[in-house]
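Please read this short report with the sequence and the model side by side.

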Amino acid sequence: MEKHVQTAKHTRQAGLVVLGEAGETLASIGKAQLAGWLGGHGYVVLRGFPCDVQGFSDLVRAHSSRISLDPARQFHGQNGNVLAQKVDAGSDAIGLHCENGNSPFWPDLCWFFCTQAPATGSQTTVCDGAAVYRDLSPGMRTALLAQDIVYTRSVGEALWKNYVRHASDAGPEPADTRTCFARLLALVDGSMHTQVELNADHSVTYSFRTPSILVRSRFSPGQPAFANSIFGPSFNYEHPRITFADGTPLPQAMRAALDEVCQRHTVDVGWRDDDIVVIDNARVMHGRRRIEDTRRTIYNALSYC
């Protein structure tokens, strides 16, 4: 039984703040209820609910069919039931992106849990791609819909094998690289939009093709959204080469115009201790202001519906 909870808009355009009342726990939030909030608002801030890292992991598991990960991040603690990975990406500002949105392993949901909110600055940012799409000029929409975007990058052996280790259900990790690479290809699942090559040094190089305007949200299906990773970070990874499907780079003037529109719709989360943020990762992009308070502590999880 889903309990009544207090809600308020996070901004006039997008986002919903859900306030936990006395005695309520995260278990009171039903799967359909959370999906409805995401469909209507793009992202949800759960505030005032009692929680720790284990409780955060339990919430992610309760609302997900499958868990994903960033292979460059470490899980919190040694408990196999803990899904949280500590956010650690230097101190510079991070551009807007969909988590893993420049790869074939693009999860439906991106989760954050803040155990210590920053005293100053250091905010996570969110940007509703549906609002951005509505604000684009007709000419820009036409240009973006005319061609897909392709991300190409190499990933080191340790990182891609770590992903396969956690994502594959084919049994213990094989000793030889080619068998492990075959498992990686199985995870890609023969997608016509992804090409992966094994290099002589056992790194891999992939090219991932995706529309810049998405209509694949599980929560607001059919709603166009400018949701991608052309402004995104490359901390822990080689910076991807980003082109249109015909191989031409994105013009700097186009990137600047898109950034201007996105910034009009970018807001800070406004972290408080023990806040949880759930993001529709096929509609809402996120980023980060420059870290000014190094005590800020945030955990992350990725999952599929």
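Which strand gives the most to the lining of the second largest cavity? Strand S8 (residues 124-128) does, with three residues, a strand being a DSSP run of E of at least two residues and a helix a run of H or I of at least four, numbered from the N terminus.

## Basis of the model

This is a predicted model, in which local features need pLDDT of at least 70 and side-chain atom pairs count only at pLDDT 80 or more, while totals for chains, interfaces and linings use all residues. Residues are numbered from 1 along each chain as its sequence is written, and side-chain values use heavy atoms, with hydrogens and water left out.

## The second largest cavity

A cavity is a set of points, on a 1 Å grid over the protein atoms alone, where a 1.4 Å probe fits but cannot get out, and its lining residues have an atom within 4 Å of a point. The second largest cavity has a volume of about 50 Å³, volume being the space filled by probe spheres set on the points, which are joined across faces, edges and corners. Its lining includes Thr11, Tyr43, Asp128 and His265.

## Nonpolar cores

A nonpolar core joins buried Ala, Val, Leu, Ile, Met, Phe, Trp, Tyr and Cys residues through side-chain atoms within 4.5 Å. The largest has 43 residues, of which Leu136, Phe226, Ile230 and Leu258 touch the most other members. A second, separate core of 24 residues includes Phe49 and Ile276.

## A residue in helix H1

Alanine 32 lies in helix H1 (residues 31-41). Alanine 32 counts as exposed because its relative accessibility is 60%, where exposed means over 50%, buried under 20% and partly exposed in between (1.4 Å probe, protein chains only).

Notes
On a 1 Å grid over the protein atoms alone, a cavity is a set of points where a 1.4 Å probe fits but cannot get out, and a pocket is an open set with protein on both sides within 12 Å along at least five of seven lines; lining residues have an atom within 4 Å of a point.
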